Amino acid sequence: MLSSVLIFGHDTTLLGTRALILGRDGFQVLTTTDAAETNHILARQSVDLLILCHTLSEQERRTALALARAAHPPLRALALVANATRYTAEGPEVTLSTLDGPRTFLAAVHELIEPHQPVPRA
(Lines give C-alpha, C1' and ligand atoms only; values in the text may rest on other atoms or scores of the structure.)
Protein backbone atom coordinates (compact mmCIF):
# COMPACT_ATOMS: atom_id res chain seq x y z
CA MET A 1 0.00 0.00 0.00
CA LEU A 2 1.27 3.48 -0.85
CA SER A 3 2.02 5.91 1.94
CA SER A 4 -0.28 8.92 1.87
CA VAL A 5 1.05 12.48 2.20
CA LEU A 6 -0.98 15.68 2.48
CA ILE A 7 0.77 18.95 1.61
CA PHE A 8 -0.84 22.21 2.75
CA GLY A 9 0.45 25.57 1.49
CA HIS A 10 -0.48 28.65 -0.51
CA ASP A 11 1.78 28.40 -3.59
CA THR A 12 0.32 25.96 -6.12
CA THR A 13 3.59 25.80 -8.07
CA LEU A 14 5.55 24.72 -5.00
CA LEU A 15 2.84 22.26 -4.02
CA GLY A 16 2.93 20.78 -7.51
CA THR A 17 6.72 20.46 -7.48
CA ARG A 18 6.75 18.79 -4.08
CA ALA A 19 3.91 16.48 -5.11
CA LEU A 20 5.84 15.52 -8.25
CA ILE A 21 8.99 14.70 -6.25
CA LEU A 22 7.05 12.58 -3.77
CA GLY A 23 4.84 10.96 -6.42
CA ARG A 24 7.88 9.85 -8.42
CA ASP A 25 9.20 8.22 -5.27
CA GLY A 26 6.03 6.17 -4.82
CA PHE A 27 3.95 8.28 -2.44
CA GLN A 28 0.26 9.01 -2.86
CA VAL A 29 0.12 12.82 -2.59
CA LEU A 30 -2.76 15.20 -1.95
CA THR A 31 -2.26 18.97 -2.04
CA THR A 32 -4.42 21.78 -0.73
CA THR A 33 -4.25 25.56 -0.47
CA ASP A 34 -7.22 25.92 1.84
CA ALA A 35 -7.44 25.31 5.60
CA ALA A 36 -11.05 24.12 5.42
CA GLU A 37 -10.18 21.64 2.67
CA THR A 38 -7.19 20.42 4.71
CA ASN A 39 -9.48 19.78 7.67
CA HIS A 40 -12.01 18.04 5.42
CA ILE A 41 -9.35 15.71 4.00
CA LEU A 42 -7.97 14.91 7.46
CA ALA A 43 -11.47 14.15 8.76
CA ARG A 44 -12.30 11.76 5.92
CA GLN A 45 -9.04 10.11 4.91
CA SER A 46 -6.12 8.38 6.50
CA VAL A 47 -2.92 10.36 6.01
CA ASP A 48 0.55 9.11 6.98
CA LEU A 49 2.26 12.51 6.93
CA LEU A 50 1.20 16.16 6.92
CA ILE A 51 3.60 18.59 5.24
CA LEU A 52 3.14 22.25 6.11
CA CYS A 53 4.64 24.57 3.50
CA HIS A 54 6.73 27.61 4.37
CA THR A 55 4.11 29.77 2.59
CA LEU A 56 1.79 29.34 5.60
CA SER A 57 1.90 31.78 8.47
CA GLU A 58 3.03 30.50 11.85
CA GLN A 59 -0.58 30.72 13.07
CA GLU A 60 -1.85 28.72 10.07
CA ARG A 61 0.79 26.05 10.72
CA ARG A 62 -0.09 25.79 14.40
CA THR A 63 -3.83 25.64 13.69
CA ALA A 64 -3.46 23.02 10.95
CA LEU A 65 -1.23 20.90 13.16
CA ALA A 66 -3.63 21.11 16.11
CA LEU A 67 -6.60 20.11 13.94
CA ALA A 68 -4.60 17.30 12.34
CA ARG A 69 -3.60 15.95 15.76
CA ALA A 70 -7.21 16.10 16.92
CA ALA A 71 -8.29 13.98 13.93
CA HIS A 72 -5.23 11.66 13.96
CA PRO A 73 -3.26 11.86 17.23
CA PRO A 74 -0.26 9.82 16.03
CA LEU A 75 0.06 11.81 12.79
CA ARG A 76 3.59 12.99 12.04
CA ALA A 77 4.27 16.38 10.47
CA LEU A 78 7.00 18.09 8.48
CA ALA A 79 7.08 21.89 8.70
CA LEU A 80 9.07 23.57 5.95
CA VAL A 81 10.67 26.91 6.78
CA ALA A 82 12.15 29.48 4.42
CA ASN A 83 15.21 30.33 6.47
CA ALA A 84 18.54 28.65 7.04
CA THR A 85 17.38 26.74 10.14
CA ARG A 86 18.74 23.24 9.88
CA TYR A 87 16.87 20.00 10.33
CA THR A 88 15.35 19.67 13.79
CA ALA A 89 13.13 16.97 15.19
CA GLU A 90 10.86 17.18 18.20
CA GLY A 91 8.85 14.02 18.67
CA PRO A 92 6.48 13.53 15.76
CA GLU A 93 7.28 16.98 14.28
CA VAL A 94 10.21 17.85 12.07
CA THR A 95 11.26 21.28 10.83
CA LEU A 96 13.27 21.44 7.63
CA SER A 97 14.66 24.43 5.76
CA THR A 98 13.63 24.78 2.12
CA LEU A 99 17.29 25.63 1.48
CA ASP A 100 18.24 22.02 2.27
CA GLY A 101 17.00 20.94 -1.16
CA PRO A 102 14.91 18.10 -2.57
CA ARG A 103 17.17 15.21 -1.48
CA THR A 104 16.99 16.17 2.18
CA PHE A 105 13.26 16.89 1.80
CA LEU A 106 12.67 13.41 0.39
CA ALA A 107 14.89 11.79 3.03
CA ALA A 108 12.97 13.59 5.81
CA VAL A 109 9.66 12.35 4.41
CA HIS A 110 11.00 8.79 4.33
CA GLU A 111 12.28 9.07 7.90
CA LEU A 112 8.97 10.35 9.18
CA ILE A 113 7.04 7.57 7.47
CA GLU A 114 9.72 4.93 8.09
CA PRO A 115 11.46 6.20 11.27
CA HIS A 116 14.21 3.58 11.24
CA GLN A 117 16.08 5.39 8.45
CA PRO A 118 18.07 8.49 9.51
CA VAL A 119 17.84 11.75 7.56
CA PRO A 120 21.19 12.68 6.01
CA ARG A 121 22.44 16.01 7.30
CA ALA A 122 23.72 18.43 4.66
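Buried means under 20% relative accessible area, exposed over 50%, and partly exposed in between, with a 1.4 Å probe and protein chains only. The model is predicted: local features need pLDDT of at least 70, side-chain atom pairs count only at pLDDT 80 or more, and totals for chains, interfaces and linings use all residues. Residues are numbered from 1 along each chain as its sequence is written, and side-chain values use heavy atoms, with hydrogens and water left out.

**View 1. Val94 in strand E6.**
Val94 sits in strand E6, residues 93–97. Strands (E, at least two residues) and helices (H or I, at least four) are DSSP runs, numbered from the N terminus. Val94 has a relative accessible area of 3%, so the residue is buried. Its C-alpha atom is 8.1 Å from that of Leu112, 18 residues apart along the chain.

**View 2. The whole protein.**
The secondary structure comprises four helices and six strands. Along the sequence they follow the pattern β-α-β-α-β-α-β-β-β-α. The protein has 122 residues, of which 41% count as buried. Contact means heavy atoms within 4.5 Å. Of the contacts with a separation of 6 or more, 58% come from residues 24 or more positions apart. The accessible surface is about 6,500 Å², and 54% of this belongs to carbon and sulfur atoms. Such areas come from the Shrake-Rupley method with a 1.4 Å probe; for residues, only the protein chains shown count as cover.

**View 3. Confidence and the 116–122 stretch.**
pLDDT is the predictor's confidence in each residue, from 0 to 100. Its mean over the protein is 85, and 85% of the residues reach 70 or more. Residues 116–122 have pLDDT below 50; beyond near neighbours in sequence, this stretch has twelve contacts in the model.

**View 4. Helix H1 and its cover.**
H1 covers residues 12–24, 13 residues in total. From first C-alpha to last, H1 reaches 18 Å, close to the 18 Å expected at 1.5 Å a residue. That expected span is 1.5 Å times one less than the number of residues. Leu15, Arg18, Ala19 and Leu22 of H1 are buried. Seen down the axis, the buried residues of H1 fall within an arc of 105°, so they line one face of the helix. The arc is that of the directions from the helix axis to the C-beta atoms. Thr13 and Arg24, on the other side of H1, are exposed. Cover for the buried residues includes strands E1 (4–8), E2 (28–32), E3 (49–52) and E4 (76–81), and helix H4 (101–113).

**View 5. The two ends of H1.**
At the start of H1, a side-chain oxygen of Asp11 comes to within 2.9 Å of the backbone nitrogen of Thr13. Just after H1, Gly26 adopts a positive phi of about 100°.

**View 6. Arg61 in helix H3.**
Arg61 belongs to helix H3. Its relative accessibility is 13%, so Arg61 counts as buried. A polar atom of the Arg61 side chain lies 3.0 Å from the backbone oxygen of Leu56. Leaving aside neighbours within four places in sequence, Arg61 is in contact with Leu52, Cys53, His54, Leu56, Ala79 and Leu80.

**View 7. Leu65 in helix H3.**
Leu65 lies in H3, residues 58–71. At 14% relative accessibility, Leu65 counts as buried. Not counting residues up to four places away in sequence, Leu65 touches Leu52, Ala77 and Glu93.

Conventions:
Polar contact = N/O pair within 3.5 Å; in protein donor to acceptor, adjacent residues only side chain to side chain.
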